[in-house]
Amino acid sequence: MDIKLPDGSSRALNDGANGYDLARDISPSLAKVALLAEIDGTVCDLNTPLHDGAQVAILTRKDEAILPHLRHSCAHILAEAVQRLFGDVQITFGPATETGFYYDFYRETPFVQDDLAQIEAEMHRIVAENSNFRRSVWTRAQMLDWCQEHGETFKAEHVGNIPADEDLSVYHQGEWMDMCRGPHLPNTGAVGKGFKLMKLAGAYWRGDANNPQLQRIYGTCWRDTKELSAHLHMLEEAEKRDHRRLGREMNLFHLQEEAAGSVFWHPRGWTLYRVMQDYMRARQIEGGYQEVKTPQLLDRVFWEKSGHWDKYREDMFVLPEGASNEDTGEGKAHALKPMNCPCHVMIFRQGIKSYRDLPLRMAEFGSCHRNEASGALHGLMRVRAFTQDDAHIFCTPEQIAEETVRFCTLLQQIYQDFGFSDIQVLFSDRPKVRAGSDAVWDQAEAALSAAGKAAGLDFTHNPGDGAFYGPKLDFVLRDALGREWQCGTLQCDFVLPERLGANYIGADGAEHRPVMLHRAIIGSFERFCGVLIEHYAGKLPMWLAPVQAMVCTISEGADAYAASVLERFHKAGLRTESDIRNQKIGYKIREHSLQKIPALVVVGAKEAETGSVAIRRLGSTEQHILPLEEAISTLCLEATPPHLRNI
RNA sequence: GCCGCAGUAGCUCAGUGGUAGAGCGCGUCAUUGGUAAUGACGAGGUCGAGAGUCCGAUUCUCUCCUGUGGCACCA
């Protein structure tokens with residue numbers, strides 16, 4: 001038979017030959033390092049038989065494509081090690097992840113951290129044993145017998161979930177085996193030493209909280225120890241830019257247990273927050289939005305009417321009846337608002353709206369409370385009290401397309417200004433269970449998807465994942481470490497205007513129902529602050545930096561000059577502080593550099609005499625001596641928020 | 001909410017069945033210096049909260065709280 005190779009050449013092999021035979025035919029040295037075969041674009045075991053005319057590539061350690069399979073094989077080795085060491089363990093699943101693998105086990109007694117070292121040592125032993133991975137195909141009955149015999153109830157349950165027309169394959173390695181689709185490396189030795197067990201975690205069987213909890217062991221796995229240490233180093237770097245750590249070190253905010261999930265903003269952190277908010281407000285006004293402010297605490301009846309009570313009451317903060325005054329037991333039941341939209345509909349409903357009022361764009365920096373599960377809280381990223389850059393656009397169905405384009409344009413501008421250029425858009429269309437007629441969905445989906453494309457955004461289709469009340473676009477941005485953050489969203493809603501009785505008078509003189517577009521760009525200010533801190537590793541661009549310049553004196557003799565410099569900087573609108581402490585200049589430089597202050601303004605006798613300043617920028621060791629006014633105009637230029645530039 | 005881990009000075013952490021220690025930070029004093037740590041001295045702790053075992057608990061046990069890594073959740 002004839003096999004085509006990646007370089008366009010072809011090779012004649014005997015019938016029944018496999019990838020290994022091909023590798024050996026090409027060269028004995030290739031056969032030694034061959035790990036997997038990519039047959040017609042699908043990665044397969046090396047010993048998978050080839051067919052005539054197949055396009056085949058032999059994969060070796062050099063190919064990144066082996067990584068998922070290397071990791072998956074490593075997961076099997078983990079599972080074998082665990083079953084060797086612990087008698088009372090059932091195996092379940094163990095897939096590859098983005099940087100490694102995990103395996104979920106069932107065991108009455110949980111694993112503890114100290115078990116990991118022992119397990120890892122056993123894994124190295126299994127690698128050293130260098131057993132072949134051997135695939136075989138079993139019948140359902142054979143498999144179930146095996147599960148019965150070995151007490152593997154979870155695997156047995158899974159047998160029933162494998163499509164009837166699919167082969168049920170098992171992979172052996174030495175004495176051990178697992179039911180698995182494969183493919184795998186030729187032998188356990190091929191996994192090498194580039195792996196490490198990372199952490200223990202709980203996970204539910206089949207991802208469902210109603211099912212038994214399994215014990216998950218995470219590992220990371222790479223092609224060699226060099227790649228492994230590079231990855232571990234990257235993790236250390238990521239830890240250094242953790243916003244919780246930087247928030248403390250830079251004195252931006254803190255959290256404490258009496259207010260779990262709510263932020264104490266310190267002066268510097270609140271400055272960042274305010275600068276962001278001022279910027280967002282300005283951009284929104286440019287974008288044709290009107291800003292409003294609505295109540296935090298509303299009668300329970302209101303939430304019942306809006307439909308939130310039924311759906312979200314578990315996660316709402318509620319004041320039960322009588323709680324408003326503990327002494328007298330007076331007061332109706334209330335709840336803190338978990339979102340702003342119903343309140344915005346209330347404003348829309350005041351007075352009679354005409355089609356001439358549409359589209360009506362109503363924005364609020366809406367402070368919301370959601371009683372998030374305790375295990376979900378995480379620094380600024382997941383909190384219980386937060387403020388959204390929320391807005392609702394009331395419009396006609398015909399206006400959806402244009403409003404979407406306007407929104408995408410605004411969003412792109414804002415992300416760019418904050419320093420994010422890699423934006424991914426997910427378009428989610430009608431779910432199975434939904435409200436509204438198909439005709440309206442047709443129109444909304446077409447409008448959204450066309451508008452997304454028109455705005456020139458990267459576009460991924462996410463079928464069936466829309467909200468029950470309408471299709472949506474989600475905007476995911478990628479930060480400096482390549483992590484993804486879903487921040488922006490645009491959701492069509494045909495339901496809430498109806499539930500809460502919003503309408504307008506059309507050109508025909510009749511009442512019509514507006515469509516509501518729920519939209520946010522940064523999502524929550526709290527979370528976005530966290531994202532910014534991590535994206536910039538604390539080194540915020542000048543316009544966002546809480547303190548933009550620090551005037552540092554060389555010695556006491558320069559105090560008076562420093563005070564006049566500080567005053568000039570303040571007058572120029574630069575957020576500036578001064579450090580006239582009795583310390584050496586090196587000490588001050590170090591301290592304010594660690595505080596990530598963008599411009600250090602050093603003044604001593606020389607500067608005082610010539611009316612100049614020595615500027616040292618964060619991240620550089622150079623000093624630039626400039627006349628005071630020139631320094632100010634240079635820094636001011638950079639410190640100008642994006643919406644005020646070029647005007 | 002579930003599973004693992006953790007909670008000791010402002011921060012990072014050590015430590016012990018007989019009520020505690022370091023470094024940094026903070027304060028005072030000396031030093032007046034030229035770009036990432038000047039020196040000396042000093043203050044600072046209900047060892048997360050509650051209960052139990054014990055003559056005695058920060059240490060052992062239990063419960064709770066909070067944090068943390070996951071899972072589930074995320075309008």
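**Exercise 1. Locate Q548 and determine whether the residue is buried or exposed.**

Step 1. In this predicted model, Q548 is placed in the loop between α16 and β29. Helices (H or I, at least four residues) and strands (E, at least two) are DSSP runs, numbered from the N terminus.

Step 2. The relative accessible area of Q548 is 3%, and the residue is buried. Buried means under 20% relative accessible area, exposed over 50%, and partly exposed in between (1.4 Å probe, protein chains only).

Step 3. Setting aside residues up to four places away in sequence, Q548 touches M542, W543, G573, L574, R575, I597, P598, A599 and A639. Contact here means heavy atoms within 4.5 Å.

A note on conventions: residues are numbered from 1 along each chain as its sequence is written, and chains are lettered from A and ligands numbered from 1 in the order in which they are written. Local features need pLDDT of at least 70, side-chain atom pairs count only at pLDDT 80 or more, totals for chains, interfaces and linings use all residues, and side-chain values use heavy atoms, with hydrogens and water left out.

**Exercise 2. Identify which residues are joined by cis peptide bonds, and where the prolines lie.**

Step 1. G182 and P183 are joined by a cis peptide bond with omega about 0 degrees. P183 is located in the loop between β10 (176-179) and β11 (195-204).

Step 2. L358 and P359 are likewise joined by a cis peptide bond, with omega about -5 degrees. P359 is found in the loop between β19 (353-354) and β20.

**Exercise 3. Characterise the aromatic pair of F348 and F394, then that of F365 and F525.**

Step 1. A pair of aromatic rings is described by the distance of the centres and the angle of the planes. Rings of Phe, Tyr and Trp (its six-membered ring) pair if their centres lie within 6.5 Å; planes under 30 degrees apart count as stacked, over 60 as edge-to-face and the rest as tilted. The structure holds 24 aromatic pairs.

Step 2. F348 and F394 are stacked, at 4.3 Å centre to centre and with 20 degrees between the planes. Because F348 lies in helix α12 (residues 341-349) and F394 in strand β21 (residues 385-395), the pair ties together parts that are 46 residues apart in sequence. Both F348 and F394 are buried.

Step 3. The ring centres of F365 and F525 are 5.3 Å apart and the planes stand at 80 degrees, so this pair is edge-to-face. F365 belongs to strand β20 (residues 360-369) and F525 to helix α16 (residues 525-535), so the pair ties together parts that are 160 residues apart in sequence. F365 and F525 are both buried.

Step 4. F365 and F525 also belong to one aromatic cluster, together with F253, W265, W270 and Y273.

**Exercise 4. State which charged ends sit over the rings of W222 and Y218.**

Step 1. A charge sits over a ring if NZ of Lys or CZ of Arg is within 6 Å of the ring centre and within 35 degrees of the ring normal.

Step 2. Over the ring of W222 sits the charged end of R71, 4.5 Å from the ring centre.

Step 3. Over the ring of Y218 sits the charged end of K199, 5.8 Å from the ring centre.

**Exercise 5. Describe the surroundings of A451.**

Step 1. A451 is part of helix α14 (residues 438-454), and at 2% relative accessibility it counts as buried.

Step 2. Apart from neighbours within four places in sequence, A451 is in contact with A401, T404 and V405.

**Exercise 6. Summarise chain A as a whole.**

Step 1. Chain A contains 20 helices and 33 strands, and its C-alpha trace spans about 85 × 75 × 65 Å along the principal axes.

Step 2. Of the 647 residues in chain A, 50% are buried.
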